[in-house]
Amino acid sequence: MTTLRPFTCNDLYKFNNVNLDPLTETYGLSFYMQYLAHWPEYFTVAESPSGEIMGYIMGKAEGHGENWHGHVTALTVSLEYRRLGLAATLMNCLEDVSEKKRAYFVDLFVRVSNKVAINMYTNLGYIVYRTVLEYYSGDPDENAYDMRKALSRDVKQKSVIPLSHPVRPEDVE
Ligand SMILES: CC(C)(COP(=O)(O)OP(=O)(O)OC[C@H]1O[C@@H](n2cnc3c(N)ncnc32)[C@H](O)[C@@H]1OP(=O)(O)O)[C@@H](O)C(=O)NCCC(=O)NCCS
């Protein structure tokens, strides 16, 4: 059985099995603390009966006016627990929280090479809103897709009209 519960500081000592994945970013301690302090309702972990971390989602709410939205900062599921619907369930949690906050949409950034994640987000109703050039630093840098899904408050679905031109990271709000 899987338990979904709020992520806590102690989980930072236990998430190595998940974060060893090359597509999963590991941030500095203060970054996680900032999220736990500001947006604890957006930080959810899926735990196995033995207490192992199966996956987690970390996000936030940000923006003004019609740009008020939920954002997925990290989503990852441990290799052995993939294809069980865990990521879809965690995304659903984040969308529910964003609905309750009356957000207009949910967005996220994903590497253009991360076909599995792009396919998953597409199946969950997300569209590529725009391309962000060289968003991920590396050798070489890699572009990101900014993907979005409109929430019920965005009745006219204005937030998901794709931009026709790519943008630079400094132009992303
Ligand atoms: C992307 C990731 C989070 C998906 O987690 P998951 O728990 O396996 O995904 P789910 O089981 O919820 O899959 C939901 C749907 O996404 C699609 N999907 C997920 N993995 C897929 C795969 N390997 N191939 C094809 N489609 C896939 C399917 O449509 C799936 O539904 P289905 O199983 O009913 O067909 C996981 O592969 C992962 O942690 N990857 C590394 C980190 C990462 O890339 N995070 C996203 C960064 S933005």
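Leaving aside neighbours within four places in sequence, which residues is Tyr129 in contact with? They are Asp107, Asp146, Met147, Arg148, Val160, Pro162 and Leu163. Two residues are in contact if their C-beta atoms, placed from the backbone, lie within 7 Å.

The model is predicted: local features need pLDDT of at least 70, side-chain atom pairs count only at pLDDT 80 or more, and totals for chains, interfaces and linings use all residues. Residues are numbered from 1 along each chain as its sequence is written.

**View 1. The whole protein.** The protein has four helices and seven strands. Their order from the N terminus is β-α-α-β-β-β-α-β-α-β-β. The radius of gyration is 16 Å, close to the 16 Å of the globule rule for 173 residues, so the protein is as compact as a globular protein of that length. Helices (H or I, at least four residues) and strands (E, at least two) are DSSP runs, numbered from the N terminus. The radius of gyration is taken over C-alpha atoms, and the globule rule is 2.2 Å times the number of residues to the power 0.38. Along the principal axes, the C-alpha atoms fill a box of roughly 45 × 40 × 30 Å. Among contacts between residues at least 6 apart in sequence, 63% join residues at least 24 apart.

View 2. An unreviewed UniProt entry places "domain: N-acetyltransferase" at residues 2-152. UniProt annotations may be inferred rather than shown by experiment. This span is 25% helix and 36% strand. Its end C-alpha atoms lie 29 Å apart.

**View 3. The largest nonpolar core.** This core holds 35 residues, of which Tyr56, Ile57, Leu90 and Leu94 touch the most other members. Strands S2 (43-47), S3 (53-62), S4 (69-77), S5 (105-111), S6 (127-136) and S7 (142-150) each give two or more residues, as does helix H3 (86-100). A nonpolar core is a set of buried Ala, Val, Leu, Ile, Met, Phe, Trp, Tyr and Cys residues joined through C-beta atoms within 7 Å. A residue is buried if 20 or more other C-beta atoms lie within 10 Å of its own, exposed if 12 or fewer, and partly exposed in between. Buried residues make up 29% of the 173 residues. Beyond four places in sequence, Ile57 is in contact with Thr44, Val72, Ala74, Leu75, Leu90, Met91, Cys93 and Leu94.

**View 4. The shell around the ligand.** Of the 21 residues around the ligand, Val77, Arg82, Ala87, Ala88 and Met120 come nearest. A residue counts as near if its C-beta atom lies within 6 Å. S4, H3, S5 and helix H4 (115-123) each supply at least two residues. H4 gives the most, with five. The shell divides into 12 nonpolar, six polar and three charged residues. Here Ala, Val, Leu, Ile, Met, Phe, Trp, Tyr, Cys and Pro count as nonpolar, Asp, Glu, Lys and Arg as charged, and the others as polar.

View 5. Tyr129 sits in S6. With 18 C-beta neighbours inside 10 Å, Tyr129 is partly exposed. Glu134 is also found in S6. Its phi is near 50 degrees, a positive value in a residue other than glycine. Glu134 is partly exposed, with 14 other C-beta atoms within 10 Å. Pro140 lies in the loop between S6 and S7. The peptide bond from Asp139 to Pro140 is cis, with omega near 5 degrees.

**View 6. Arg83.** Arg83 lies in the loop between S4 and H3. Its phi is positive, about 65 degrees, although Arg83 is not a glycine. With 8 C-beta neighbours inside 10 Å, Arg83 counts as exposed.
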